[in-house]
Amino acid sequence: MKKSIYSLTKDQLTEWLLERGQKKFRAEQVWNWLYVKRVQSFEEMNNVNKECLQLLSEHFVMQTLKESVKQESADGTIKFLFQLEDGNLIETVLMRFHYGLSVCVTTQVGCNIGCSFCASGLLKKSRDLDGGEIVGQIMKVQEHLDAQGKGERVSHIVVMGIGEPFDNYTNLMNFLHVVNDQKGLSIGARHITVSTSGLAKKIREFADEQTQVNLAVSLHAPNDELRSNIMIINKAFPIEKLMDSVDYYLEKTNRRITFEYILLRDVNDHVEEAKQLADLLENKRHLSYVNLIPYNPVDEHGQYQRSTPEAIDAFFQTLKKRGINCGVRTEQGTDIDAACGQLRSKQIKKEKVAN
């Protein structure tokens, strides 16, 4: 299969063309056609010479994603199920906020992290997405927006879809360089958030990149016993090791970090856990934000239920009284398959039944 042209950063595209006898300015032209004019074929690049176009078409394709299912919520959220060239399925979500349009992208086909409450891990990882397949999700969503004729554009990105982004680090970084390029999609680094389940070594590596991209850590429990019960990754990177890497990140970047905390009824949502969480973040208060997330139940994880509104409020108030910056995440897409990975899992089951 030919590689997606979206896999290349601008520097990589420039180097590739120079190695094949093309002038440096050709890369600028091609980049503009791809990400500013957003053409659907190489043939539309009408100021690029034929030799260059032939080279590109012989080695690359524009898109490797095909829309399989599209679910639209009453609140404007759209969940896309895309089919890759090898037949695998991935999810991408477009969300509308007062500050702009945010897209949640997937980085892997399946997930091996094994969080016991998560729909993404129902099907184990079969492979990483390459950079072009991650960028391609943004391009397909932008294509949808362009077709509406309202002049809307993707303004924010969250790398929180299926998979562990830091387990696909090189392709993740290529993706970030592509979407952040000021002469392309120009999505500001501070409008991009990468979420990790806690790969401590990669958090340190990401800190050394010195990007302005935001970091979120999926914590979900304030102590090792509880976190290991619901997140297998904690056995490899227990909280002490995770927090050491967080401290390194904060010292290196001086940037605020978000801690994601899904509230599971009678599991991790007691006032006692809120107090433990406040203790854990005590010396990081000025650069920490806790994002409390109401749980979206998943059929296969029937042991977990959504916390009651009273429990959520008590947890929130406990953190606030301790001086911890926090909030309860606004829910989106609750009338469609809200949980990440849920639509993909259902579709694969349907296909198995049909066959």
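This is a predicted model: local features need pLDDT of at least 70, side-chain atom pairs count only at pLDDT 80 or more; totals for chains, interfaces and linings use all residues.

Residues are numbered from 1 along each chain as its sequence is written, and side-chain values use heavy atoms, with hydrogens and water left out.

Ile5 is also among the residues with the most contacts inside the largest nonpolar core, along with Leu56, Ile157, Phe175, Phe206, Val290 and Leu319. That core has 106 residues. By nonpolar core I mean buried Ala, Val, Leu, Ile, Met, Phe, Trp, Tyr and Cys residues joined through side-chain atoms within 4.5 Å. Buried is under 20% relative accessible area, exposed is over 50%, and partly exposed is in between, with a 1.4 Å probe and protein chains only.

Which helix gives this core its largest share? That's α5, residues 169-180, with 7 residues. Helices here are DSSP runs of H or I, at least four residues, and strands are runs of E, at least two, numbered from the N terminus. In α5, the buried residues are Tyr169, Leu172, Met173, Asn174, Phe175, Leu176, Val178 and Val179. They pack against several elements, including α1 (10-19), α2 (24-35), β9 (154-159) and α6 (200-209).

Now the domains, whose bounds come from an automatic or database domain assignment: domain 1 is 3-61 and domain 2 is 66-354. Their centres, over C-alpha atoms, are 32 Å apart. Between them about 1,300 Å² is buried, 57% of it from carbon and sulfur atoms; that's accessible area, 1.4 Å probe, lost on putting the two parts together and summed over both. On the domain 1 side, Tyr6, Tyr35 and Arg38 lose the most area, together 41% of what that side buries.

Arg38 also has a salt bridge to Asp146, 2.9 Å, N to O. The rule is a side-chain nitrogen of Lys or Arg within 4 Å of a carboxyl oxygen of Asp or Glu, and it finds 2 salt bridges across this interface.

Last stop, asparagine 49, in the loop between α2 and α3 (50-59). Buried or partly exposed? Asn49 counts as partly exposed because its relative accessibility is 25%.

How values were computed: Contact means heavy atoms within 4.5 Å.
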